[in-house]
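Student: Can we walk through the inside of this protein together, one question at a time? I'd like to see how each answer is reached.

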Amino acid sequence: MAYPTVPCPLHVFEPRYRLMIRRSIQTGTKQFGMCVSDTQNSFADYGCMLQIRNVHFLPDGRSVVDTVGGKRFRVLKRGMKDGYCTADIEYLEDVKVENEEEIKNLRQLHDLVYSQACSWFQNLRDRFRSQILQHFGSMPGREENLQATPNGPAWCWWLLAVLPVDPRYQLSVLSMKSLKERLTKIQHILTYFSRDQSK
């Protein structure tokens, strides 16, 4: 699962994906969509664009691709090109809250869940915490303007990437266009895992 703002290193060895990576570099977009697999439709209805930051080509044709998550999207139409999946998509953006009372409530919920996330992370065993830091880097800080970007605060996506949650659950959160709903889901996940920590 790929998420906005979260690094996603890839090892590319299949010829069809090597071709896809080459094309995305040659066209200048340096990006491609990533969806988790789905038994019925080949890939899920929601995904995340990945921006290529760097590619390290190995002598045997394989490559290590350093990417970071960008925009979220919904699949409108599926296709195929030279062995790899393609899609027509529409980008997702969070619906902004305008009412002052709603903004205040959103800020309170955000701050509460952010504190809960920090506490969960600090209470992890040292080994797990250092593995997460090594792979994903440290948790992004609290943002002043919660609605500044189309995807909301970066720390939410970082947390979803590191939490051991079922991909179907992750997908449901990726597809949400309400920051309040996303924070509430994350709060439920953290409450569940924090109960386990305290045992």
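Student: Is Tyr-114 buried or exposed?
Tutor: Keep in mind that this is a predicted model. Tyr-114 has a relative accessible area of 10%. The cut-off for calling a residue buried is under 20%, so Tyr-114 counts as buried.

Student: How many aromatic pairs are there, and what kind do Tyr-114 and Trp-155 make?
Tutor: The count comes to four aromatic pairs. In the one made by Tyr-114 and Trp-155, the ring centres are 5.2 Å apart and the planes sit at 80 degrees. Planes over 60 degrees apart get the crossed label, so this pair is edge-to-face.

Student: Which helices does that pair link?
Tutor: The two residues are 41 apart in the chain, so to speak, and the pair links distant parts of it. Tyr-114 belongs to residues 100-122 and Trp-155 to residues 154-162. Those are helix H2 and helix H4.

Student: What is the relative accessibility of Trp-155, and which residues does Trp-155 contact?
Tutor: Trp-155 counts as buried, at 0% relative accessibility. Leaving aside neighbours within four places in sequence, its contacts include His-110, Val-113, Met-139, Pro-140 and Glu-143. Also among them are Tyr-114 and Leu-183.

Student: Which element gives the most to the largest nonpolar core?
Tutor: That core has 33 residues, and Trp-120, Trp-155 and Leu-159 are among those that touch the most other members. Two or more residues come from each of H2, H4, helix H5 (167-174) and helix H6 (179-197). With eight residues, the top contributor is H4.

Student: Where is Lys-30, and what is its phi?
Tutor: Lys-30 is in the loop between helix H1 (15-26) and strand S2 (31-34), and is partly exposed at 37% relative accessibility. Although Lys-30 is not a glycine, its phi is positive, at about 50 degrees.

Student: And in which loop does Asp-82 lie?
Tutor: Asp-82 also isn't a glycine, yet has a positive phi near 50 degrees. Its relative accessible area is 47%, so Asp-82 is partly exposed. Its loop is the one between strand S6 (63-81) and strand S7 (84-91).

Terms used: Residues are numbered from 1 along each chain as its sequence is written. This is a predicted model: local features need pLDDT of at least 70, side-chain atom pairs count only at pLDDT 80 or more; totals for chains, interfaces and linings use all residues. Side-chain values use heavy atoms; hydrogens and water are left out. Helices (H or I, at least four residues) and strands (E, at least two) are DSSP runs, numbered from the N terminus. Buried means under 20% relative accessible area, exposed over 50%, partly exposed in between (1.4 Å probe, protein chains only). Rings of Phe, Tyr and Trp (its six-membered ring) pair if their centres lie within 6.5 Å; planes under 30 degrees apart count as stacked, over 60 as edge-to-face and the rest as tilted. A nonpolar core is a set of buried Ala, Val, Leu, Ile, Met, Phe, Trp, Tyr and Cys residues joined through side-chain atoms within 4.5 Å. Contact means heavy atoms within 4.5 Å.
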